[in-house]
Amino acid sequence: MKKQFDFVGKRVILFIIPLVLIAAGIISFFVQGFNLGQDFTGGTSATYVLRNKENQDEKIAVTDSIEQELKDLYEANGVSGAKVSANSEEGSITVKTSELSTETQLRMKEAVAEVYYIDESEYQYENISGNVSKDLKEKAIIGVVIAVILMLVYITIRFDWRSGIAAVASLAHDVLIMLTAYTILQIPMDSNMIAAILTILGYSINATIIVFDRVRENNRLYSKKTFAENANDGVNKTFTRSLNTTLTTLFTIGMIFILGPSSIKAFSLPIIVGVVAGLYSSVCLSSNLWILLKGKKAFEKK
(Lines give C-alpha, C1' and ligand atoms only; values in the text may rest on other atoms or scores of the structure.)
Protein backbone atom coordinates (compact mmCIF):
# COMPACT_ATOMS: atom_id res chain seq x y z
CA MET A 1 0.00 0.00 0.00
CA LYS A 2 1.34 3.42 -0.95
CA LYS A 3 2.49 5.43 2.06
CA GLN A 4 0.31 8.44 2.75
CA PHE A 5 1.18 11.82 4.19
CA ASP A 6 -0.65 12.56 7.43
CA PHE A 7 -2.33 15.86 6.52
CA VAL A 8 -4.75 15.52 9.43
CA GLY A 9 -2.07 14.70 11.99
CA LYS A 10 0.01 17.68 10.87
CA ARG A 11 -2.97 20.06 10.80
CA VAL A 12 -1.64 22.35 13.54
CA ILE A 13 1.56 23.01 11.61
CA LEU A 14 -0.41 23.39 8.37
CA PHE A 15 -2.60 26.03 10.08
CA ILE A 16 0.37 27.91 11.54
CA ILE A 17 2.23 28.39 8.23
CA PRO A 18 -0.42 30.61 6.54
CA LEU A 19 -1.09 32.44 9.81
CA VAL A 20 2.58 33.47 9.92
CA LEU A 21 2.44 34.68 6.30
CA ILE A 22 -0.77 36.63 6.88
CA ALA A 23 0.71 38.16 10.04
CA ALA A 24 3.68 39.31 7.94
CA GLY A 25 1.23 40.86 5.49
CA ILE A 26 -0.58 42.71 8.29
CA ILE A 27 2.72 44.11 9.56
CA SER A 28 3.69 45.15 6.04
CA PHE A 29 0.29 46.82 5.60
CA PHE A 30 0.78 49.00 8.68
CA VAL A 31 4.41 49.77 7.74
CA GLN A 32 4.06 50.56 4.03
CA GLY A 33 0.40 50.01 3.14
CA PHE A 34 -0.80 49.06 -0.34
CA ASN A 35 0.50 50.49 -3.59
CA LEU A 36 -2.91 51.75 -4.68
CA GLY A 37 -3.27 52.51 -8.36
CA GLN A 38 -5.32 55.35 -9.76
CA ASP A 39 -8.26 53.03 -10.34
CA PHE A 40 -8.76 53.13 -6.57
CA THR A 41 -7.32 56.50 -5.57
CA GLY A 42 -8.19 58.68 -8.55
CA GLY A 43 -5.70 61.09 -10.08
CA THR A 44 -3.90 61.93 -13.29
CA SER A 45 -1.70 59.68 -15.38
CA ALA A 46 0.54 60.89 -18.21
CA THR A 47 2.58 58.52 -20.36
CA TYR A 48 5.51 59.85 -22.41
CA VAL A 49 7.86 58.34 -24.93
CA LEU A 50 11.01 60.41 -24.53
CA ARG A 51 13.01 61.14 -27.68
CA ASN A 52 16.21 63.03 -28.41
CA LYS A 53 15.44 66.63 -29.42
CA GLU A 54 18.31 66.64 -31.94
CA ASN A 55 17.52 63.19 -33.34
CA GLN A 56 13.78 62.63 -32.97
CA ASP A 57 13.97 59.02 -34.18
CA GLU A 58 16.14 58.12 -31.18
CA LYS A 59 14.25 56.97 -28.08
CA ILE A 60 15.79 57.86 -24.75
CA ALA A 61 16.40 54.80 -22.59
CA VAL A 62 14.64 55.34 -19.28
CA THR A 63 17.04 55.15 -16.34
CA ASP A 64 16.75 55.89 -12.62
CA SER A 65 18.31 59.29 -13.19
CA ILE A 66 15.70 60.18 -15.83
CA GLU A 67 12.89 59.04 -13.52
CA GLN A 68 14.28 61.31 -10.81
CA GLU A 69 14.64 64.12 -13.33
CA LEU A 70 10.94 63.93 -14.18
CA LYS A 71 10.02 63.89 -10.48
CA ASP A 72 12.12 67.01 -9.94
CA LEU A 73 10.60 68.61 -13.05
CA TYR A 74 7.07 68.09 -11.74
CA GLU A 75 8.11 69.31 -8.29
CA ALA A 76 9.65 72.46 -9.75
CA ASN A 77 6.35 73.21 -11.51
CA GLY A 78 4.31 72.92 -8.33
CA VAL A 79 3.18 69.28 -8.60
CA SER A 80 4.44 67.27 -5.64
CA GLY A 81 4.24 63.55 -4.89
CA ALA A 82 4.60 62.37 -8.49
CA LYS A 83 5.17 58.64 -8.95
CA VAL A 84 7.27 57.73 -11.97
CA SER A 85 7.41 54.21 -13.45
CA ALA A 86 9.15 53.03 -16.59
CA ASN A 87 7.98 50.45 -19.12
CA SER A 88 11.27 49.27 -20.56
CA GLU A 89 9.59 46.95 -23.12
CA GLU A 90 7.60 49.81 -24.65
CA GLY A 91 10.24 52.46 -24.02
CA SER A 92 7.72 54.68 -22.25
CA ILE A 93 7.53 56.34 -18.86
CA THR A 94 4.38 57.05 -16.84
CA VAL A 95 3.96 59.82 -14.30
CA LYS A 96 1.08 59.48 -11.83
CA THR A 97 -0.04 62.37 -9.65
CA SER A 98 -3.05 63.60 -7.74
CA GLU A 99 -5.86 64.84 -9.95
CA LEU A 100 -4.66 67.74 -12.12
CA SER A 101 -6.62 70.23 -14.16
CA THR A 102 -6.30 70.12 -17.93
CA GLU A 103 -4.37 73.39 -17.87
CA THR A 104 -1.87 72.06 -15.31
CA GLN A 105 -1.33 68.84 -17.24
CA LEU A 106 -0.71 70.77 -20.48
CA ARG A 107 1.77 72.94 -18.61
CA MET A 108 3.58 69.81 -17.37
CA LYS A 109 3.65 68.37 -20.88
CA GLU A 110 5.23 71.59 -22.18
CA ALA A 111 7.79 71.46 -19.36
CA VAL A 112 8.81 67.92 -20.34
CA ALA A 113 8.86 68.92 -24.03
CA GLU A 114 11.44 71.60 -23.24
CA VAL A 115 13.89 68.83 -22.31
CA TYR A 116 12.81 65.98 -24.60
CA TYR A 117 10.99 65.68 -27.90
CA ILE A 118 7.42 64.40 -27.36
CA ASP A 119 5.57 62.86 -30.30
CA GLU A 120 1.86 63.68 -29.98
CA SER A 121 0.84 60.20 -31.22
CA GLU A 122 2.82 58.58 -28.40
CA TYR A 123 1.53 60.81 -25.62
CA GLN A 124 -1.30 59.49 -23.43
CA TYR A 125 -3.20 61.37 -20.76
CA GLU A 126 -5.84 59.98 -18.38
CA ASN A 127 -7.79 61.57 -15.57
CA ILE A 128 -9.72 59.42 -13.05
CA SER A 129 -11.94 61.23 -10.57
CA GLY A 130 -12.24 60.25 -6.92
CA ASN A 131 -15.94 59.42 -7.42
CA VAL A 132 -15.11 56.91 -10.15
CA SER A 133 -12.47 55.20 -7.99
CA LYS A 134 -14.86 55.06 -5.01
CA ASP A 135 -17.54 53.47 -7.19
CA LEU A 136 -15.02 50.93 -8.49
CA LYS A 137 -13.99 49.94 -4.96
CA GLU A 138 -17.59 49.46 -3.88
CA LYS A 139 -18.41 47.34 -6.93
CA ALA A 140 -15.26 45.27 -6.42
CA ILE A 141 -16.21 44.46 -2.83
CA ILE A 142 -19.81 43.68 -3.79
CA GLY A 143 -18.67 41.42 -6.63
CA VAL A 144 -16.36 39.39 -4.39
CA VAL A 145 -18.96 39.12 -1.60
CA ILE A 146 -21.68 37.92 -4.00
CA ALA A 147 -19.30 35.34 -5.51
CA VAL A 148 -18.36 34.00 -2.07
CA ILE A 149 -22.00 33.83 -0.91
CA LEU A 150 -23.03 31.88 -4.02
CA MET A 151 -20.14 29.48 -3.51
CA LEU A 152 -21.15 29.00 0.14
CA VAL A 153 -24.73 28.18 -0.88
CA TYR A 154 -23.57 25.77 -3.59
CA ILE A 155 -21.14 23.89 -1.31
CA THR A 156 -23.71 23.72 1.49
CA ILE A 157 -26.33 22.21 -0.83
CA ARG A 158 -23.88 19.77 -2.40
CA PHE A 159 -22.25 18.64 0.87
CA ASP A 160 -23.24 20.23 4.21
CA TRP A 161 -23.01 23.58 5.99
CA ARG A 162 -19.72 22.70 7.69
CA SER A 163 -18.04 22.00 4.36
CA GLY A 164 -19.45 25.27 3.03
CA ILE A 165 -17.88 27.27 5.85
CA ALA A 166 -14.61 25.34 5.46
CA ALA A 167 -14.54 26.12 1.73
CA VAL A 168 -15.22 29.83 2.29
CA ALA A 169 -12.53 29.97 4.98
CA SER A 170 -10.10 28.41 2.49
CA LEU A 171 -11.05 31.05 -0.09
CA ALA A 172 -10.50 33.76 2.52
CA HIS A 173 -7.01 32.31 3.03
CA ASP A 174 -6.29 32.60 -0.70
CA VAL A 175 -7.42 36.22 -0.85
CA LEU A 176 -5.44 37.17 2.27
CA ILE A 177 -2.28 35.55 0.89
CA MET A 178 -2.75 37.49 -2.35
CA LEU A 179 -3.22 40.74 -0.41
CA THR A 180 -0.09 39.86 1.57
CA ALA A 181 1.82 39.61 -1.71
CA TYR A 182 0.36 42.95 -2.83
CA THR A 183 1.58 44.80 0.26
CA ILE A 184 4.95 43.07 0.76
CA LEU A 185 5.97 43.23 -2.92
CA GLN A 186 4.20 46.60 -3.43
CA ILE A 187 2.39 45.34 -6.52
CA PRO A 188 0.20 48.13 -7.95
CA MET A 189 -3.45 47.57 -7.00
CA ASP A 190 -5.77 48.49 -9.84
CA SER A 191 -8.85 47.07 -11.56
CA ASN A 192 -6.78 44.03 -12.59
CA MET A 193 -6.74 43.00 -8.93
CA ILE A 194 -10.48 42.33 -9.06
CA ALA A 195 -10.05 39.99 -12.02
CA ALA A 196 -7.10 38.28 -10.29
CA ILE A 197 -9.06 37.64 -7.09
CA LEU A 198 -12.15 36.33 -8.89
CA THR A 199 -9.95 34.09 -11.05
CA ILE A 200 -8.29 32.56 -7.99
CA LEU A 201 -11.61 32.12 -6.18
CA GLY A 202 -12.92 30.10 -9.12
CA TYR A 203 -9.70 28.10 -9.45
CA SER A 204 -9.45 27.33 -5.74
CA ILE A 205 -13.10 26.35 -5.19
CA ASN A 206 -12.85 23.89 -8.07
CA ALA A 207 -9.84 22.18 -6.46
CA THR A 208 -11.58 22.14 -3.08
CA ILE A 209 -14.75 20.56 -4.49
CA ILE A 210 -12.68 17.74 -6.02
CA VAL A 211 -11.14 17.02 -2.60
CA PHE A 212 -14.55 17.16 -0.89
CA ASP A 213 -16.02 14.81 -3.51
CA ARG A 214 -13.36 12.22 -2.78
CA VAL A 215 -13.86 12.59 0.98
CA ARG A 216 -17.61 12.05 0.57
CA GLU A 217 -16.98 9.03 -1.66
CA ASN A 218 -14.61 7.56 0.93
CA ASN A 219 -17.23 8.01 3.66
CA ARG A 220 -19.66 6.03 1.54
CA LEU A 221 -17.21 3.26 0.61
CA TYR A 222 -15.37 2.96 3.92
CA SER A 223 -18.09 3.54 6.46
CA LYS A 224 -16.18 1.75 9.23
CA LYS A 225 -13.40 4.34 9.13
CA THR A 226 -13.60 7.68 10.91
CA PHE A 227 -14.35 10.85 8.98
CA ALA A 228 -10.81 12.09 9.69
CA GLU A 229 -9.28 8.92 8.22
CA ASN A 230 -11.42 9.17 5.09
CA ALA A 231 -10.61 12.87 4.77
CA ASN A 232 -6.87 12.24 4.99
CA ASP A 233 -7.15 9.43 2.44
CA GLY A 234 -9.21 11.67 0.13
CA VAL A 235 -6.61 14.45 0.21
CA ASN A 236 -3.81 11.98 -0.56
CA LYS A 237 -5.72 10.47 -3.48
CA THR A 238 -6.36 13.86 -5.06
CA PHE A 239 -2.97 15.37 -4.25
CA THR A 240 -1.23 14.30 -7.46
CA ARG A 241 -4.08 15.64 -9.57
CA SER A 242 -4.10 18.96 -7.68
CA LEU A 243 -0.32 19.29 -7.94
CA ASN A 244 -0.21 18.52 -11.67
CA THR A 245 -3.01 20.99 -12.41
CA THR A 246 -1.22 23.70 -10.43
CA LEU A 247 2.15 23.07 -12.09
CA THR A 248 0.57 23.17 -15.56
CA THR A 249 -1.10 26.47 -14.72
CA LEU A 250 2.09 27.89 -13.23
CA PHE A 251 4.13 26.98 -16.34
CA THR A 252 1.78 29.03 -18.50
CA ILE A 253 1.45 32.02 -16.19
CA GLY A 254 5.16 31.86 -15.38
CA MET A 255 6.08 32.28 -19.04
CA ILE A 256 3.69 35.23 -19.28
CA PHE A 257 5.37 36.77 -16.24
CA ILE A 258 8.87 36.22 -17.63
CA LEU A 259 8.25 37.27 -21.24
CA GLY A 260 5.33 39.68 -20.91
CA PRO A 261 5.47 43.48 -20.55
CA SER A 262 5.45 45.10 -17.12
CA SER A 263 1.70 45.75 -17.25
CA ILE A 264 1.08 42.00 -17.68
CA LYS A 265 3.62 41.11 -14.99
CA ALA A 266 1.72 43.22 -12.46
CA PHE A 267 -1.35 41.06 -13.19
CA SER A 268 0.32 37.65 -13.54
CA LEU A 269 2.40 37.81 -10.33
CA PRO A 270 -0.67 37.91 -8.01
CA ILE A 271 -2.19 35.08 -10.08
CA ILE A 272 0.94 32.99 -9.48
CA VAL A 273 0.74 33.66 -5.74
CA GLY A 274 -2.99 32.90 -5.74
CA VAL A 275 -2.59 29.61 -7.62
CA VAL A 276 0.00 28.40 -5.09
CA ALA A 277 -2.21 29.59 -2.22
CA GLY A 278 -5.18 27.79 -3.81
CA LEU A 279 -3.22 24.53 -3.97
CA TYR A 280 -2.23 24.88 -0.32
CA SER A 281 -5.74 25.69 0.89
CA SER A 282 -7.45 22.90 -1.06
CA VAL A 283 -4.91 20.27 0.00
CA CYS A 284 -3.81 21.35 3.46
CA LEU A 285 -6.64 23.46 4.87
CA SER A 286 -10.08 22.69 3.45
CA SER A 287 -10.52 19.14 4.79
CA ASN A 288 -8.82 19.99 8.06
CA LEU A 289 -11.20 22.91 8.53
CA TRP A 290 -14.11 20.58 7.79
CA ILE A 291 -12.75 18.21 10.46
CA LEU A 292 -12.34 21.11 12.89
CA LEU A 293 -15.98 22.09 12.44
CA LYS A 294 -17.19 18.52 12.94
CA GLY A 295 -15.31 18.36 16.23
CA LYS A 296 -14.90 15.07 18.09
CA LYS A 297 -17.35 13.31 15.77
CA ALA A 298 -14.73 13.45 13.01
CA PHE A 299 -12.55 11.01 14.98
CA GLU A 300 -15.31 8.65 16.12
CA LYS A 301 -16.03 5.42 14.29
CA LYS A 302 -19.58 4.96 13.08
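Modeller: Let's start with Asp 213, which makes a salt bridge with Arg 216, their closest N and O atoms being 2.9 Å apart. By salt bridge I mean a side-chain nitrogen of Lys or Arg within 4 Å of a carboxyl oxygen of Asp or Glu. Bear in mind that this is a predicted model, so local features need pLDDT of at least 70 and side-chain atom pairs count only at pLDDT 80 or more, while totals for chains, interfaces and linings use all residues. Numbering runs from 1 along each chain as its sequence is written, and side-chain values use heavy atoms, with hydrogens and water left out.

Asp 213 and Arg 216 both sit in helix α7, three residues apart, which is about one turn of the helix. Helices here are DSSP runs of H or I, at least four residues long, numbered from the N terminus. Asp 213 is partly exposed at 23% relative accessibility, and so is Arg 216 at 34%; that label covers whatever falls between buried (under 20% relative accessible area) and exposed (over 50%), using a 1.4 Å probe and protein chains only.

Arg 214 has a relative accessible area of 28% and Glu 217 has 31%, so each counts as partly exposed. Shared partners link Arg 158, Asp 213 and Arg 216 into one salt-bridge network. A search of the whole structure gives six salt bridges.

Now for the packing. The largest nonpolar core has 46 residues, and Phe 212 is among those with the most contacts inside it, as are Ile 197, Leu 201 and Ile 205. Such a core is a set of buried Ala, Val, Leu, Ile, Met, Phe, Trp, Tyr and Cys residues joined through side-chain atoms within 4.5 Å. Helices α5, α6 (161–184), α7 (191–221), α8 (227–259) and α9 (262–294) each supply at least two of its residues. Of these, α7 gives the most, with twelve.

Zoom in on Phe 212: leaving aside neighbours within four places in sequence, it is in contact (heavy atoms within 4.5 Å) with Phe 159, Ser 163, Ala 166, Ala 167, Ser 286, Ser 287 and Trp 290. There is also a second, separate core of 20 residues, including Ile 60 and Met 108.
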